[in-house]
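Subject: Structure handover

Hi,

My notes follow below it.

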2 protein chains.
Amino acid sequence: VGISGAYVFLNGEIMPAEEASISPFDAGLLRGYAVFDLLQTLDGRPFMVREHLQRFRNSAELLGLQVPLPNDEIVSVMERLLELNGHADATVRMVLTGGVSPDGMHFDPLTPTFFILTHELFEVPGSVYEYGTKLLAAEHQRELPEAKTTGYLTWLLNHARLEEEGAMDLLYHSGGVISEAATASFYVVRDGKILAPGTGVLWGTVGVRVLEAAADEFDVVYRDISLVEAIQADECILTSSVRGVVPVTRIDEHVIAEGTVGPVTRRLMQIFKSLTDEPAT
Amino acid sequence: VGISGAYVFLNGEIMPAEEASISPFDAGLLRGYAVFDLLQTLDGRPFMVREHLQRFRNSAELLGLQVPLPNDEIVSVMERLLELNGHADATVRMVLTGGVSPDGMHFDPLTPTFFILTHELFEVPGSVYEYGTKLLAAEHQRELPEAKTTGYLTWLLNHARLEEEGAMDLLYHSGGVISEAATASFYVVRDGKILAPGTGVLWGTVGVRVLEAAADEFDVVYRDISLVEAIQADECILTSSVRGVVPVTRIDEHVIAEGTVGPVTRRLMQIFKSLTDEPAT
């Protein structure tokens, strides 16, 4: 078992990864015209797959593309791939591009490139759930933020710095207003209310599901949140498909409140745990 | 002869395009971690190839990557490809990505993916040089603008609108300040001076060369230029490797000055013509 699966799905077929051939003329490669989605397995099965498929279709639509298979067939492919690749636990990645573009400009949206890969799940150190994690603020606004596109340049260019500083992710902000983390959603707690960025962000599958489940207990306010408000918040929270609900206790050199895991975050972590205990895929 | 060449160069070898296989795990595809450069041929030979190779290496360096071949070998590959592909005139595209990333996160910068493609040159209608062209203003700031990366989402999403409106390109602006066109450089003439955006833009190979050649005749001022200044300018000018010097006479619904090709633009067009008459590759 390697980091990536020995088998992949590409344009209708499951095949050994080394036989999977993407054209150098692919618009996903030449022009970054591509969307993806990523989910994790739970007990070996795709977790929250309906939400991820819905989001993947939303992303595709924003690029004028259509996912070329119905949901049940995609789930079957995922299950077959997971079986063949034999990871302990895995992340499953669906990618859809504009397809082959002979002139690097035009392509036929009816012949997209669609592939599914699996990767060995990377372990999140348990300490981050106990003591919280750190984010690094970075000035950036994702292009077409409502779509999960493949543009991760700023994140990858900061990878070494994240590792050096022991930070989990970047916190993107633009014009003083925060949007989301590079690979996760981000929420703030102030005066008992949960604040969520209202626009210009990707639908966070775990975040939305957890906030829905918590709607009886907490007010959730969707509005712009400044970076200063985040730094001065009572609690900061990151949510992600592969990391669940994570307390954020530091942003750059700033400690959030007392620097410990707050009560709202703890409750959302509990709610997420109850979702994973009874997965309703 | 097709729109794209029958042969391509990939990781050290010239091969038929249908045998050129990029891994679905390539960081250029999964994460948009890729740079490129594009030049045109003149009389069948690569034009301004030194400048494009220099810019390609600059772009690579900004991503922590190295172009894995010396310039003379790259030029030989281009010439061999052009011979094999037999285009009348062509654009030549070099692409460098982070290489294969098994986990979609890490990759070895010492094993990048490097390929070279050729495309049939698309003809620019001669009328744009006589009567000028139109740009559509679009709020956008390219990620890592000093590198020629593959992120062209905003441009491609506006492709249909550009064609409908008979516009040649998008004019990017952010916070009221213009940067460059989506696929070209952009300059403004006011009171006999040429204004050029000073930072946050790609090095325009044709633009820089033409402005250097014109340095005896015109003052060139590098500074921020607002969108309003561009619209109210005496002349607006687009430069590009595949289009040369192009007069811009309209931005959205605004006509620039009298809507005709101005004297500074005409002089720069002449200078570019003299460069193509005696190509110093």
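How many residue pairs are in polar contact across the interface of chain B and chain A? The rule finds ten, with both residues of each pair at pLDDT 80 or more. Bear in mind that this is a predicted model.

The interface

Salt bridges between chain B and chain A come to zero. The area buried between the two chains is about 4200 Å². Carbon and sulfur atoms give 69% of that area. Each chain puts residues into the contact: 49 from chain B and 49 from chain A.

On the side of chain B that touches chain A, these elements of chain B give two or more residues:
- helix H1 (27–30)
- strand S5 (90–97)
- strand S6 (113–120)
- helix H5 (153–157)
- helix H6 (159–164)

H5(B) gives the most to this side, with five residues. By class, the side of chain B that touches chain A has 26 nonpolar residues, 17 polar ones and six charged ones.

Inside chain B

One helix pair is worth a look. Helix H2 (residues 49–62) of chain B packs against helix H3 (residues 71–85) of chain B at an angle of about 115 degrees. Their axes are 11 Å apart. The crossing of H2(B) past H3(B) is right-handed.

Which residues meet there? H2(B) brings Val49(B), Leu53(B) and Arg57(B). H3(B) brings Asn71(B), Ile74(B), Val75(B) and Met78(B). The residues of this contact divide into five nonpolar, one polar and one charged.

Best wishes

How values were computed. Residues numbered from 1 in each chain as written. Chains lettered and ligands numbered in written order. Predicted model: local features only at pLDDT ≥ 70, side-chain atom pairs only at ≥ 80, totals over all residues. Heavy atoms only, no water. Contact = heavy atoms within 4.5 Å. Buried area = accessible area lost by both parts, 1.4 Å probe. Salt bridge = Lys/Arg side-chain N within 4 Å of Asp/Glu carboxyl O. Polar contact = N/O pair within 3.5 Å; in protein donor to acceptor, adjacent residues only side chain to side chain. Helix = DSSP H or I, 4+ residues; strand = E, 2+ residues; numbered from the N terminus. Nonpolar A, V, L, I, M, F, W, Y, C, P; charged D, E, K, R; others polar. Axes fitted to C-alpha atoms, helices over the stretch in contact; angles between N-to-C directions. Left-handed = near helix turned anticlockwise from the far one by under 90°.
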